[in-house]
Amino acid sequence: MEEDNKLIQEKNLLDVFEKYSDLQIKYEKEDKHYIDVKIEPYVICLEYNWKQEIWMSILHTIFDKNDEERDYPIFPNAEDIGRLIYGNIKFVRGKYVINCSVDSWSQDVETILSNIKKNRPTLYHVLENSTLRFPGGMMKIKRKNWKSPARLIDIHQESEKGFVQGIKKDEQSLYDNSPYLFGSNGTYVGPEEKYYVLKFKVLRPRQELFQPINGYINVEKLIREYYLPKMQRERMSSKLLEEINQRITNLKLDVVTRDFDKYGAVSINATYKPIGFDSWDDYLKSIL
């Protein structure tokens, strides 16, 4: 019965697309159903995965100075979008969530398409007022910093091997005879190096990103030169590390970055530091 209903819903969906053929609709079916409705230069993206929710996101398509096409998310007020697209819409972590029925979700899609068609001029105006960027891609608001809530996850040990390559031929014998390196012909791998890192989660990392990201800070020097002497220990034990993590895990703090790209958005490779402290070391010293 469930498979029969899926086939019925998919057939109904194709009928809906035919009914609204005057809209610019792109449809793909993989493990989920993806429906894009274009209101240039904006795209309303619907995603359905056979659950009782349709996820919606909205993109602003921009051609930059090099004429390269880029899509940036925009986030209109959920109530404004709800009035124009579909009654009760919730905004959850960067996506709009629409409750629907598994048995009749194609009808919900039809309602959405009908409202987009009917309210297109007003909808365009709402989207235009909501985008964070000018047509060329520059951010409308230029910031000197970006602040976000964050949460500590843990301190743990990571490891990596040293890697050396491009050694000149007349110098290779020095490396070939080294007891600490392995390899030949100018490429060598060193012993595994272990070090401690602090893992933390940035909850709102960029203007256009509501999904949290993880950050990592090397705290090897802090552990070796500050914390272990303070605890009168020569080395870190698993028990001591567990005690540290019991104290810091889930601690909340605010972080800031001043790393921006050429468009005025927070850089993808931005680094964050605790607000009110000159460094992560200073912050950790205050809580350890």
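Reply: A pocket is an open set of points on a 1 Å grid over the protein atoms alone, with protein on both sides within 12 Å along at least five of seven lines, and its lining residues have an atom within 4 Å of a point. Grid points are joined across faces, edges and corners, and a volume is the space filled by probe spheres set on the points. The present structure is a predicted model, in which local features need pLDDT of at least 70, side-chain atom pairs count only at pLDDT 80 or more, and totals for chains, interfaces and linings use all residues. Residues are numbered from 1 along each chain as its sequence is written, and side-chain values use heavy atoms, with hydrogens and water left out.

Me: What volume does the largest pocket have, and which residues lie nearest its centre?

Reply: The largest pocket has a volume of about 340 Å³. Its lining comprises 15 residues, with Y72, R133, E208, D261 and I268 nearest the centre. By class, the lining holds seven nonpolar, two polar and six charged residues (Ala, Val, Leu, Ile, Met, Phe, Trp, Tyr, Cys and Pro count as nonpolar, Asp, Glu, Lys and Arg as charged, and the others, Gly among them, as polar).

Me: Which strands each supply at least two residues to the lining of the second largest pocket?

Reply: Helices (H or I, at least four residues) and strands (E, at least two) are DSSP runs numbered from the N terminus; the protein has eight helices and 13 strands. Strand 1 (24–29), strand 2 (33–39), strand 4 (53–63) and strand 5 (69–74) each give at least two lining residues to the second largest pocket. This pocket has a volume of about 220 Å³ and 13 lining residues, with K38, E40, V43, T61 and E69 nearest its centre. Five of the lining residues are nonpolar, two polar and six charged.

Me: Is E69 buried or exposed?

Reply: Buried means under 20% relative accessible area, exposed over 50%, and partly exposed in between (1.4 Å probe, protein chains only). E69 is exposed because its relative accessibility is 52%. E69 belongs to strand 5 and, apart from neighbours within four places in sequence, is in contact (heavy atoms within 4.5 Å) with T61, I62 and F63. Across the whole protein, 41% of the 288 residues count as buried.

Me: Where is Y272, and with which residues is Y272 in contact?

Reply: Y272 sits in the loop between strand 12 (252–257) and strand 13 (273–274). With a relative accessible area of 7%, Y272 is therefore buried. Leaving aside neighbours within four places in sequence, the contacts of Y272 include F200, V202, P205, R206, V255 and W280. The side chain of Y272 also reaches the backbone oxygen of P205 at 2.7 Å. The C-alpha atoms of Y272 and K147 are 8.8 Å apart, although 125 residues separate the two along the chain. For the protein as a whole, residues 24 or more positions apart make up 58% of the contacts with a separation of 6 or more.

Me: How many disulfides does a search of the whole structure find?

Reply: A disulfide is a covalent bond between the sulfur atoms of two cysteines; the criterion applied here is a pair of cysteine sulfur atoms within 2.5 Å. The search of the whole structure finds zero disulfides. C45 is buried because its relative accessibility is 13%, and C100 is buried because its value is 10%.

Conventions:
1 Å grid on protein atoms, 1.4 Å probe; cavity = no way out; pocket = protein on both sides within 12 Å on 5 of 7 lines; lining within 4 Å. Polar contact = N/O pair within 3.5 Å; in protein donor to acceptor, adjacent residues only side chain to side chain.
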